[in-house]
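The sequence and the model are shown first.

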Amino acid sequence: MHLSVVGSGYVGTTIAACFAELGHNVVNIDIDEDIVDAINAGDPPIHEDGLAELLEEHTGEDGNLRATTDYQAVLDTDVTFLCLPTPQNDDGSIDLSIMEAGAEQLGKTLAEKDAWHTVVVKSTVIPGSTEDVITAILEDEMDREAGVDFGVGMNPEFLREGTAVHDFLDPDKVVLGADDERALEDMHGVFDPLIERADAHLVETDTRTAEMIKYANNSFLAAKVSLINDIGNICKELGVDAYEVADAIGLDDRIGAKFLRSGLGWGGSCFPKDTAAIRAAARSEGYEPAMLDAATEINDTQPKRLLSMMDRHVDVENKRVAVLGLAFKPGTDDIRNTRAIPVIEGLQERDAEIVAYDPIADENMREVYPDIKYAESAAGALDGASATLVVTDWEEITELDEEFDTMATPVVIDGRRAIDRRDGIVYEGLTW
Ligand code: UGA
């Protein structure tokens with residue numbers, strides 16, 4: 001099929017490349033010329049495993065993937081995926097303005113097309129947004145009726161940063177939300193090659209339910225981590241190893257072994273934003289989402305517990321403290337909502353001299369905290385430090401050992417169970 005993907009963020013670029021891999025003809029549209037040039041040159045604008053290979057294979061003269069800044073490109077396609085950002089307002093609620101502007105531009109362009117076209121919302125949006133906001137804008141701009149003259153669908157995305165290409169090509173499930181048959185048929189045209197190849201579960205539903213499935217998925221996972229963190233904190237207080245407990249409960253099929261790593265909690269661009277948006281949406285309807293509120297509160301508490309564990313061993317005022325790992329998880333340079341931020345803030349409140357290290361996320365962190373020190377290596381950060389706080393479990397951090405012997409006082413407070421407890425270091429695990 002001929003597909004257009006509006007937006008070249010981490011979802012847009014990844015799915016455009018993956019659609020090309022499935023054999024579709026794809027055009028990726030973005031307002032940023034540098035990003036468009038990079039994609040056309042086969043150069044990924046974001047750090048994602050496997051993406052460079054896909055771009056190299058599918059861009060270029062005989063390729064089936066190209067990028068452009070020109071919205072007119074949608075006219076030569078059958079289906080358009082809207083992959084634009086959905087940031088949050090100050091109260092945590094969703095800010096749909098970028099989606100609205102994109103839908104307006106798309107509607108204006110599609111008004112020139114007589115043939116049927118399906119628009120699929122890929123971005124995470126609060127239930128009702130596709131039907132009440134996006135469809136209404138498209139109908140207005142095109143002066144046509146959804147379900148009669150054009151189709152609208154909603155197809156939530158479950159990609160994880162760092163493994164997005166793999167997650168797309170080997171999904172657990174594909175959710176197709178549509179309010180009319182023809183839009184659903186078009187979405188089948190796009191996804192059937194994937195469903196057959198990956199043997200993925202298929203969920204067919206309406207757009208509102210598809211939107212909620214995404215929030216429920218992320219809320220459940222975030223709450224699962226917060227629950228194991230709550231249990232982990234109890235374990236720590238009672239002198240029990242939460243990881244041994246998690247290994248055992250994970251054997252129960254009803255619980256499952258994944259997402260049971262307790263520690264500093266969740267960050268990134270998705271869990272914090274999505275849980276905040278769905279809580280705000282619930283509240284605006286008069287429902288108090290007690291469980292998700294608690295999940296958020298526990299997540300906010302974990303960095304504070306890490307810092308107070310450090311306080312019990314060493315007063316860090318005017319002393320050097322190493323922060324190991326800045327990315328919100330290993331395998332990415334993304335620092336949005338990383339737990340490193342509250343950790344750094346806590347250290348600043350204590351007037352510590354902070355020396356941070358991350359294999360790839362340090363450049364991004366420099367923009368947020370230009371005044372702290374950044375080491376070239378983990379060993380460099382540890383040298384002469386009075387305490388170390390482990391924030392991200394990069395493999396190279398898990399392999400550290402004798403490097404701790406260069407610390408002024410070898411206090412290691414581990415937020416991710418990255419380091420082995422051993423003689424010669426004062427070791428505290430957050431939940432073990
Ligand atoms: C998450 C979801 O996993 C994806 O399915 C979803 O598509 C994506 O959000 C999104 O909405 O776009 P991602 O944010 O890339 O993906 O990261 P995850 O790998 O899910 O990790 C989220 C956070 O939870 C990380 O900070 C991680 O360190 C933390 N975590 C995860 C734990 O603390 N313990 C665990 O056991 C698992």
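## Strand β1 and its partners

Serine 4 stands opposite valine 27 in β2. This position belongs to a parallel pairing of β1 with strand β2 (residues 25-29), which comprises five bridges. The model is a predicted one.

β1 also pairs with strand β4 (residues 79-82), again in the parallel sense, over four bridges. Here leucine 3 faces valine 79 of β4. Strand β1 (residues 2-6) is mostly covered, with four of its five residues buried. In a regular strand, side chains alternate between the two faces of the sheet.

## Aromatic pairs

The structure contains seven aromatic pairs. One of them joins phenylalanine 19 and phenylalanine 191 in an edge-to-face arrangement, with 5.8 Å centre to centre and 70 degrees between the planes. This pair links distant parts of the chain: phenylalanine 19 lies in helix α1 and phenylalanine 191 in helix α7 (residues 181-198), 172 residues apart. Phenylalanine 19 counts as buried because its relative accessibility is 0%, under the 20% cut-off. Phenylalanine 191, with a relative accessible area of 1%, is likewise buried.

Phenylalanine 191 takes part in a further edge-to-face pair, with phenylalanine 81, at 6.1 Å centre to centre and 80 degrees between the planes. This pair too connects distant parts of the chain, as phenylalanine 81 is in strand β4 and phenylalanine 191 in helix α7, 110 residues apart. Both phenylalanine 81 and phenylalanine 191 are buried. Ring pairs join Phe19, Phe81, Phe168 and Phe191 into a cluster.

## A charge over a ring

Lysine 173 is positioned over the face of phenylalanine 158, at 4.2 Å from the ring centre.

## Cysteines

How many disulfides does the structure hold? The number is zero. Cysteine 83 is in no disulfide, and the nearest cysteine sulfur, that of cysteine 18, is 11 Å away. A disulfide requires the two sulfur atoms to lie within 2.5 Å.

Are cysteine 83 and cysteine 235 buried or exposed? Cysteine 83 counts as buried because its relative accessibility is 8%, under the 20% cut-off. Cysteine 235 is also buried, with a relative accessible area of 9%.

Methods:
Residues numbered from 1 in each chain as written. Heavy atoms only, no water. Buried < 20%, exposed > 50% of the residue type's maximum accessible area, 1.4 Å probe, protein only. Helix = DSSP H or I, 4+ residues; strand = E, 2+ residues; numbered from the N terminus. Pairing = 2+ DSSP bridges. Phe/Tyr/Trp six-rings, centres within 6.5 Å; stacked < 30°, edge-to-face > 60°. Lys NZ or Arg CZ within 6 Å of the ring centre and 35° of its normal.
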